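Please look over the structure below with the helix packing, the sheet and the chain contact in mind. A short report goes with it.

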Amino acid sequence: MIDLSRRRLIKAGIAGGALLAIAGGITWFARRVMNEGAPRALDRDALAIVRAIVPAMLAAALPSQEPGRAGAIDETTAGVDRAIAGLPPAARAEISQLFALLALAPGRRAFAGVASPWAEASASEVDAFLRAWQSSGWALKRTAYDALHQLVIAAWYANPRSWPAIGYPGPPTLAV
Amino acid sequence: MTDATQPRVPDPIRAGLAAGWDVVDASRLSADLAIEADVAIVGSGAGGGVAAETLALAGLKVVVLEEGPLRSSSDFRMREADAYPELYQESAARKTRDKAINVMQGRCVGGGTTVNWTSSFRTPPATLDHWARALGIPGMGVDALAPWFAKMEARLGIAPWDVPPNANNAALARGAAKLGIPSAAIRRNVRGCWNLGYCGMGCPTNAKQSMLVTTLPTALSRGAKLVTRVRAERLVVAGDKVDRLEARALDATGTTPTDRRVTVRARSYVAAGGAIGTPALLLRSGTPDPHGLVGKRTFLHPTIVSAAIMPERVDGFAGAPQTVYSDHWLDTMPPEGPAGFKLEAPPLHPVLAAITLPGHGDAHARWMAQLPKMQVLIALVRDGFHPDSPGGTVTLREDGTPVLDYPLTPYLFDGMRRAFRAMADLQFAAGAETVMPVHGPGEAFATAAAARGAIAAFELAPLVTPVVSAHVMGGCPLGQDPRRAVVDLDGRHHQLANLHVLDGSLFPTSIGANPQLSIYGIVAKLADALAASLGRRPPAA
């Protein structure tokens, strides 16, 4: 079992390195996608990617219909944007590479396997992409899945709007 | 909506500022700043806080530099959305180089002590014995350190906490009892704790005796200067001494350096930026390191998680976190043997729970919908005692910021597999309906036998098995032998006469327990010696 893990790791390391090289090669593009230094970190292309991922990541955790659903998706997307803006420059740069890779149609199709443009992608199409990356043999894809998981899920569950459905009463009130 | 303006409880920090404490927020500097002091301390956490108080009480002029902001009880609103970005390194999302371990470290005035979960243990005798026997470190035995631990326990209100544990911790005690395994109550550094459960977001009632409300106020009242939102860039070395400290102000977001420089000239310099920050400062400075030790042997207590659903409400978000522990799997094997682990029960707030549970979509949502019935155990693996557990290495990125490379080895995964089994057994013994060892896509089991069978076959691997850490230790180990230690038995740098390391990076192994009291006690001893070496004697406690 240990040998199997090692083989997997070595394979993942090589493949991950190749993917990173491709991502690094288009870092120039990242500067167009990302708007570094501004209070909001993501531009329109990157926001469209996040907005497509939010419903697939959260699924039944989101309100299933209006009123509530669109606002919940908007607020979660904005929360991801705020969270990225608060990260140190090195982490922002890595995330910008990820979104740069996914924003280009060839990258989206080849690496995420998502045929439709992000704004038109269905939740099931995005869910399939997330599952593939979650269990990928490429360490870098698992890393990217973890980053998207952490960003989107933290943004939703930090929002008091999410609390009634999970039975969290919110922080206590301190009597003066 | 009076939260922002009217403190709900007396706020000693705002009172101190009003009384004229010398505190500078470097993000607001309009010109460069030059400071002279007897001692410059980098970092305001467990190490820097104790050092600041000790040295200020000895009559020395102290300046403390802190990378994070000054926040206090009036700001602590018990919301994860505020606390993680404001009070933690990298918004509580700091990762090791391969991203396989999430490292939670404080970054605010008070450092980790402002956001930790109050668990207070003296350094375990097995750890100190290993330091003495295997590493040849004298003077750090149980008896030698006892008075220093006693002093800091008295200073910080560390005592048995007699309130019944919340249901999350009670389940740990109940399961352990059913299995015939010892568990015990955790001592806490609190005075008049309200038992709210929000220690990790900054204590809103000032009950937690963090550095923020204890040692730092004493130092500031004795004339110490505190500079916040400033990053120590490098110690400039001249001969066998540090000549000055060069630092850079950060902007209001706290992430990006500005053009404003802060320069400190002092007789003595104390590195207390934690076990990632301190080695990084030395690496950036190019301080002498003839044996290539700086940043090596950095330890994490790599930690895994087991979630359960109980038949009754647990409400793990309410009540003090981490009040019960079991050292059964540490005490029943020698530190030098296979990896042992400590069991504890963490707080369960929505964001922390949600990012820890694996997977996404409807399955993740179903688990979160059961948050009130969720019971969670964590296993902290003891690292650094076995040849196959050499820890990690702190290195620098191109921009000079640190990153920890910590390989997860078969030795650690072996301990984690046993820990998953132990936690599942214990949770079922405590009455769990379902247990999910947090691994892979997050498979859940209805019986201990089913869980055991699956755990035996888990393919544990980086980025498949989520691993977290809240305890960074090592990287500037102390010891007599310069070939094996960065600093001597007083914490003084082996090659630089006026540089001390006084924080968790001193430890030559992991501690094998939550480290705050180890840092308090050992730094109290070393800071006392430093005061004496500068010609001062701190008043008796």
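Predicted model: local features only at pLDDT ≥ 70, side-chain atom pairs only at ≥ 80, totals over all residues.

**Contact between the chains**

Chain A places 42 residues in contact with 38 residues of chain B. On the chain A side, five elements each supply at least two residues: α1 (2-25), α3 (44-58), α5 (89-103), α7 (123-134) and α8 (139-157). The top contributor is α8(A), with 9 residues. By residue class, the side of chain A that touches chain B divides into 30 nonpolar, 8 polar and 4 charged.

**Two helix pairs**

Two packed helices are described by the angle between their axes and the distance between the axes. The table gives both values for one pair in each chain.

| Helix pair | Axes come within | Crossing angle |
|---|---|---|
| α3(A) and α5(A) | 10 Å | roughly 85 degrees |
| α2(B) and α15(B) | 8 Å | roughly 35 degrees |

Take the chain A pair. With a crossing of roughly 85 degrees, α3(A) and α5(A) are therefore roughly perpendicular to each other. From α3(A) come A:Asp45, A:Ala46 and A:Ile49; they meet A:Phe99, A:Leu102 and A:Ala103 of α5(A). The residues of this contact divide into 5 nonpolar, no polar and 1 charged. Both helices also supply residues to the side of chain A that touches chain B.

Now the chain B pair. Helix α2 of chain B covers residues 46-57, and helix α15 of chain B covers residues 516-533. Their crossing is right-handed. On α2(B), the contact is made by B:Ala46, B:Gly47, B:Val50, B:Ala51, B:Thr54 and B:Leu55. On α15(B), the contact residues are B:Gln516, B:Ile519, B:Tyr520, B:Val523, B:Ala524, B:Ala527, B:Asp528, B:Leu530 and B:Ala531. The residues of this contact divide into 11 nonpolar, 3 polar and 1 charged.

**A sheet in chain B**

Chain B has an open sheet of 3 strands, in the order β6-β9-β7. The pairing is antiparallel. Which strands form the edges? They are β6 (119-120) and β7 (158-159) of chain B, and each pairs on one side only. Strand β9 of chain B, residues 187-189, pairs with β7(B) in the antiparallel sense over 2 bridges. At residue level, B:Ile158 has B:Asn189 in β9(B) as its bridge partner.

**In brief**

The α3(A) and α5(A) pair is roughly perpendicular, while α2(B) and α15(B) cross at roughly 35 degrees. The sheet of chain B is open, with the order β6-β9-β7.

Note on methods: Residues numbered from 1 in each chain as written. Chains lettered and ligands numbered in written order. Axes fitted to C-alpha atoms, helices over the stretch in contact; angles between N-to-C directions. Helix = DSSP H or I, 4+ residues; strand = E, 2+ residues; numbered from the N terminus. Left-handed = near helix turned anticlockwise from the far one by under 90°. Contact = placed C-beta atoms within 7 Å. Nonpolar A, V, L, I, M, F, W, Y, C, P; charged D, E, K, R; others polar. Pairing = 2+ DSSP bridges. Parallel < 35°, antiparallel > 145°, perpendicular 65-115°, else oblique.
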